[in-house]
Amino acid sequence: MKKRRITKKIIKRVILFFIAMFVLSVVVFFLARLAPGDPLQAFYGEALDTMDESQIEAARQRLGLDDNLFVQYFKWLGGALHGDFGLSLKYKMKVQNVVNPLIGNTLGLGITAYCVVFALAIVLATVAALHEDDWLDKIICKVGTATYYIPSFWLGVVLVLIFSVNLGWFPSSGAYDVGKQGDIGNRIQHMILPLIVMIASHFWYYAYMIRNKLLDEFRKDYVLLAKAKGLTRRQIVWKHCLRNVAPTIVSIMAIAIPHVISGTVVVEAVFGYPGIGNLAVESAKYHDYNMLMMTVLLTGAFVFIASFVAQTVNEEIDPRMKVTKEIRW
Amino acid sequence: MLEFKNVTKQYRSGMFGTHLTKAVDDVSFCVGENERLGLLGESGCGKSTIAQLAMKLLKPSKGSIEYNGKNIKHMSRSEMKNYRKNVQIIFQNPQQVFNPRMKFRETISEPVRIYNLASSPEEEKKIISEHMEMFGLPEELFDRYPQEISGGQAQRIAIMRILMLKPEIIIADEPTTMLDVSVQAQILELLKEVMDKNNITLIFVSHDLDVVRAMCKRIMVIKDGQVVEQGSVDDIFDRPENEYTRMLVDSLKE
């Protein structure tokens, strides 16, 4: 019975996922083509100026840009369903071949930043909440707020100036030195500065949310009773409050995924870090339609999967969600 | 047994904390073994603050609270644990004092574990189900969450949970105000029965004169954080000396 319900739920979510991806692809496809500008510019660059009418027409035909928009979309869809996402106009190769080596870079940076951000946020939030209005809480809050409001592009440049230019401790750009592609130490060295910027610009936002949730929880009557019962402070925080706030933290973590991913865009641009974020911005700039579709669908799929996982986990740890669902149906 | 000596609790308010509000002002009283003391007063007069001060949920700004001659402020960890076991409180909103994400099975077994009342899981189960039976609570309540049962049932569980610890003093902070009238009487009866059977001291906080008269032998009337009059039930109701007390009693007679 329970097993059947779970399979049913999973099937429902998979169908939802495909519907969502389809809608997303339609929206991105047509919106990208509504933007003014010529995609041929990306493909031929300067050479476009020297081409005559008939040559341009032929080029359009070859790249499939002369068809009706709907025909173009279904051609793309047909290819995509077979795993062929088309040609990048800027790089003049298959989209997958451009994207594949970069995914690892972005995911590595994003996931590491994400984990550190939340580990830091949860610890700081708990410490601050436990010492509410103490000097410790005040220091954490003030330093956190200050770091959050430092613009990340500025912080990136300053860090490069201090640690790469003056001290020479870390490289200023790229994901690895030429010829050291497989050297993990070298990659980590390249990742440290971008990571610091990512963490500094994200952790406080979440730490503050979690801190406030915890404080709300501390003010509830059952905490008074727990105290009167004779539980120690630590027992109350661990066994009652954090457990009750956990579903909220999971939801926040799920919502945070797109936020942290979008954070990589700025950082990748500042540090010249080869990744998906940078690629997405460039493809939009150069009308590299197929590339844009690919990057958007990739991030989209990532966000959808993350939120589905979060929802499932949430239902498992919060018994109240299940109860209300039963009533509703 | 429990003694308040010139206890004052004040809060700073206003933008720079310059304004002092006295919630409890120089209150002294003493409850002995097997006594029934009623704290009577309108809402906002500081009754609940007194209850929370006695539970050490709040700290007094001035004065001291002593239990068997020892100031609760200076108690060691183990003394405090003993104090927490012997002095228990019933709150007014039974459905909010239980953790909403814990089943009653867990909530109820927590005190048993903290105070090592049971040596084995079987014994723990036995203690709990014995008490459930005593209070006429069906065992199916175990697998419910606080929001899934009625206020009356929740208050019964709250009282039952306290009784498992065999305390010396119970502080009841308006235990019936949030309940239906029909349930109120049941809970009061239950409380009275439990007190008599176990020789427990009761401090009953309420704004309801009738309820206080039924539950207590001695009454303290509180206004604006100060004790304006205290005496036996008969004295207060038949021969009130203070203006405010007289007004309260008269309002009841009408």
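This is a predicted model: local features need pLDDT of at least 70, side-chain atom pairs count only at pLDDT 80 or more; totals for chains, interfaces and linings use all residues.
1. Four strands make up an open sheet, in the order 2-1-4-5. The pairing is antiparallel. At the edges sit strand 2 (19–31) and strand 5 (70–71) of chain B. Each of these edge strands pairs on one side only.

2. Next, the pairing of strand 1 with strand 2 in chain B. Nine bridges hold these antiparallel strands together. One pair to look up is Arg12(B), whose bridge partner in strand 2 of chain B is Leu20(B).

3. The last pairing in the order is strand 4 (residues 62–67) with strand 5 of chain B. Two bridges join this antiparallel pair. Tyr67(B) stands opposite Lys70(B), a residue of strand 5 of chain B.

4. Helix 1 (residues 47–54) of chain B lies across strand 1 (2–13), strand 2 and strand 4 of chain B. Its angle to strand 2 of chain B is about 65°.

5. Now the contact between the chains. On the chain B side, 18 residues are in contact with 14 residues of chain A. Helix 2 (77–86), strand 6 (87–90) and helix 3 (104–114) of chain B each give two or more residues to this side. By class, the chain B side has nine nonpolar, four polar and five charged residues.

6. The largest nonpolar core has 99 residues. Which members touch the most others? They are Val117(A), Ala121(A), Ala125(A), Leu39(B), Ala54(B), Ile171(B) and Phe204(B). Helix 10 (residues 233–271) of chain A gives this core its largest share, 13 residues.

7. A second core is separate and has 11 residues. Leu279(A), Met291(A), Leu292(A) and Val296(A) are among them.

8. Finally, a closer look at Ala125(A). Leaving aside residues up to four places away in sequence, Ala125(A) touches Ala207(A), Ile210(A), Arg211(A) and Leu214(A).

Notes:
Residues are numbered from 1 along each chain as its sequence is written. Chains are lettered from A and ligands numbered from 1 in the order in which they are written. A nonpolar core is a set of buried Ala, Val, Leu, Ile, Met, Phe, Trp, Tyr and Cys residues joined through C-beta atoms within 7 Å. A residue is buried if 20 or more other C-beta atoms lie within 10 Å of its own, exposed if 12 or fewer, and partly exposed in between; C-beta atoms are placed from the backbone. Two residues are in contact if their C-beta atoms, placed from the backbone, lie within 7 Å. Ala, Val, Leu, Ile, Met, Phe, Trp, Tyr, Cys and Pro count as nonpolar, Asp, Glu, Lys and Arg as charged, and the others, Gly among them, as polar. Two strands pair if DSSP finds at least two bridges between them. Axes are lines fitted to C-alpha atoms, for helices over the stretch in contact, and angles run from 0 to 180 degrees between N-to-C directions.
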